Amino acid sequence: MSSKPKTLYDKIWESHEVGRRSDGNSLLYVDLQLLHEVTSPQAFEGLQLAGRPLWRVDANLATPDHNVPTSGRALGFDGITDEVALEQVVTLDKNCKAFGVQQFEILDPRQGIVHVVGPEQGATMPGMTVVCGDSHTSTHGAFAALAQGIGTSEVEHVMATQCLVQNKAKNFAVIVTGALSEGVTAKDLVLAIIGRLGTAGATGHTIEYRGEAIRQLSMEGRMTLCNMSIEAGARAGLVAVDDTTINYIHGRPFAPKGELWNQAEDYWRTLVSDEGAVFDASITIDASTIAPQVSWGTSPEMVAGIDDVVPDPKDMKDGVQAESTERALTYMNLQPGQKITDIAVSRIFIGSCTNARIEDLRAAAAQIRGGKIASNVSEALVVPGSGLVKAQAEAEGLAQQFIDAGFQWRSAGCSMCLGMNPDQLGEGEHCASTSNRNFEGRQGYGGRTHLVSPAMAAAAAINGHFVDIRNSQHQEVEAG
Amino acid sequence: MDAFTTLNGLVAPLDRANVDTDQIIPKQYLKSIKRTGFGDYLFDAWRFLDQGTMGMTPNERQINREFSLNLPVYQGASILIARDNFGCGSSREHAVWALKEFGFRAVLAPSFADIFFGNCFKNGVLPIALPEEIIDDLFKRVTTGLTLSIDLRTQTLMDGEHVHIFQIDPALKEKMLTGMDDIDLTLAEAELIRSFEAGHRQRQPWLFRG
Ligand code: SF4
């Protein structure tokens, strides 16, 4: 063994490398595969057609999330009016039963968005390899787990072999120094990072988020950060283990207990990059310079600070960039130079695997301050990330605050993050959304998505347009 | 999987950077539990002016006559040229299924997003990364009905008199040429996996629930 300092990614990779093929690719052992209804049916079918068993049943965990309706949940399957969607959710249920896979089914209080459910249950643990047929699997990297989104053929491959065939990615360090200002969250940080890196900036790399500002983030914040690593093109995002990680996992249903816990904790504490480990690329960002972010375009890299304006394609030197900016502004119906605070919104979506955990709902509710949603806002949805988050928010009184302000309080699922279920954006509508993608039509045909933090979305709901929540906090201090 | 050795085909352009898989195949078509039936909805929001739903055929739709893939000169194209970071966003393999069913067997771009790139190789669709200048040049000449020949064995792209050599990971090349099944290949190493697993269980017993 060489004593060369290793990155966290190197360590997890090495501890899962089953073997290396003569062509340079490795067989990488997978500890946990999360399954949902959209990308698993073809994989289960492939397995069945070939007469292959699941390699390791207990390494799989499933829940329906993309298609489930967020209202009328008590009806279970009967609440799904779209027959094709119903077939997909029922197929997941059947497959899980046929193969013996544990599932938090549609009526289970633990059901929710797969990337919220895994960590909440303690199923995601440090040092693991985690896969899911879903690009936002990167969320689980917050636990120093190597978590990657894969395609359906790979889902089937993992089902049958418990392995991925992969070549190792490069190491990318995103170092965030200093501290985030009041009112600025992990979501703003990750949007600012993507704005800097671009949507392909980390392609072929695994990002490790490092630095003081990262250490200060809660697990919820770290999940938000790692969640959007894929939006910078990265294969995965990672945060090293510290007390915050250990404390979060302790006592969760899937977490080890007793002596096994001590043994696990000792190992988990080693899951940090060694001093002097070399990264292939790095950027450093000063957290204190980041303002609350709002996306103005049709790609997550198209973001600006709340105190900024919509950019002008004429100022851009790169022809392709100018053209995509122009196309984005046309789609979004925005003018170059327009103030971000002048963008009005008629729909609000607080939810998704990026921002639907309890901390997110608390931050959003804190912006209500007894107000009501603005008259130009036709619908404001709050969709908790899981049934357990929902229950907790109800117990804390957050749900009632949302309802009193005119928000709709829904059941857990992906909802309007991608609008596969009935929650969709209408043509031309501007939406303040806490989700992760502002692609054309992502939230509904012709819909216009602005990615923001939960607090920014809630403040936009109350004001009818984006506001600098740093100012309103300031005003409140003065008034109080 | 379908093997890929050579392809001689007409080229169609898609002149946009960062084309994401939500554009390649929008979410309303992801509800199928099959691997087929997605070709009609490829680039749906760009090919059609109306909002489609699953089950509708192109004949029932309002065609966007201005969109490149709808222009007469590109009908029957099997090679797509695109810009940087093609296939970013969602991991949906449906994007590759849709491209293939529509008729594309190769995509040429300066760069691809990781997951999409991998998904192509699972389905016999060849993604070729080429220098920006070459792609630019192809975009300039595509409008008159350009055909290209690709030979994966020699890693060459014949463009009239010009021959471009492209790079490809040797393992992926082999897989495409033979069309062999990944799972069979890995299961040939089942013993190795089992012995790794036994050691892994000893080192990190908390990872095993069964
Ligand atoms: S919430 Fe959105 S991004 Fe997350 S898994 Fe669901 S659809 Fe994907």
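The model is predicted, so local features need pLDDT of at least 70 and side-chain atom pairs count only at pLDDT 80 or more, while totals for chains, interfaces and linings use all residues. Residues are numbered from 1 along each chain as written, chains are lettered from A in the order written, and side-chain values use heavy atoms, without hydrogens and water.

I start with the interface. Chain A puts 77 residues into the contact and chain B 60, where contact means heavy atoms within 4.5 Å. About 5,600 Å² is buried between the two chains, 55% of it from carbon and sulfur atoms; that is accessible area (1.4 Å probe) lost on putting the parts together, summed over both.

Next, the charged pairs. Eight salt bridges cross the interface, by the rule of a side-chain nitrogen of Lys or Arg within 4 Å of a carboxyl oxygen of Asp or Glu. One of them joins Arg52(A) to Asp181(B), with the closest N and O atoms 3.3 Å apart.

Now Lys27(B). Is Lys27(B) buried or exposed? Lys27(B) is buried, meaning under 20% relative accessible area (1.4 Å probe, protein chains only). Lys27(B) has no salt bridge, and the nearest side chain of opposite charge, Asp22(B), is 5.4 Å away. What does its side chain reach at 3.1 Å? The backbone oxygen of Leu418(A). A polar atom of the Lys27(B) side chain also lies 2.7 Å from the backbone oxygen of Gly441(A). Beyond four places in sequence, the contacts of Lys27(B) include Met420(A), Gln443(A) and Arg92(B).

Key
Buried < 20%, exposed > 50% of the residue type's maximum accessible area, 1.4 Å probe, protein only. Lys, Arg positive; Asp, Glu negative; His and termini not counted. Polar contact = N/O pair within 3.5 Å; in protein donor to acceptor, adjacent residues only side chain to side chain.
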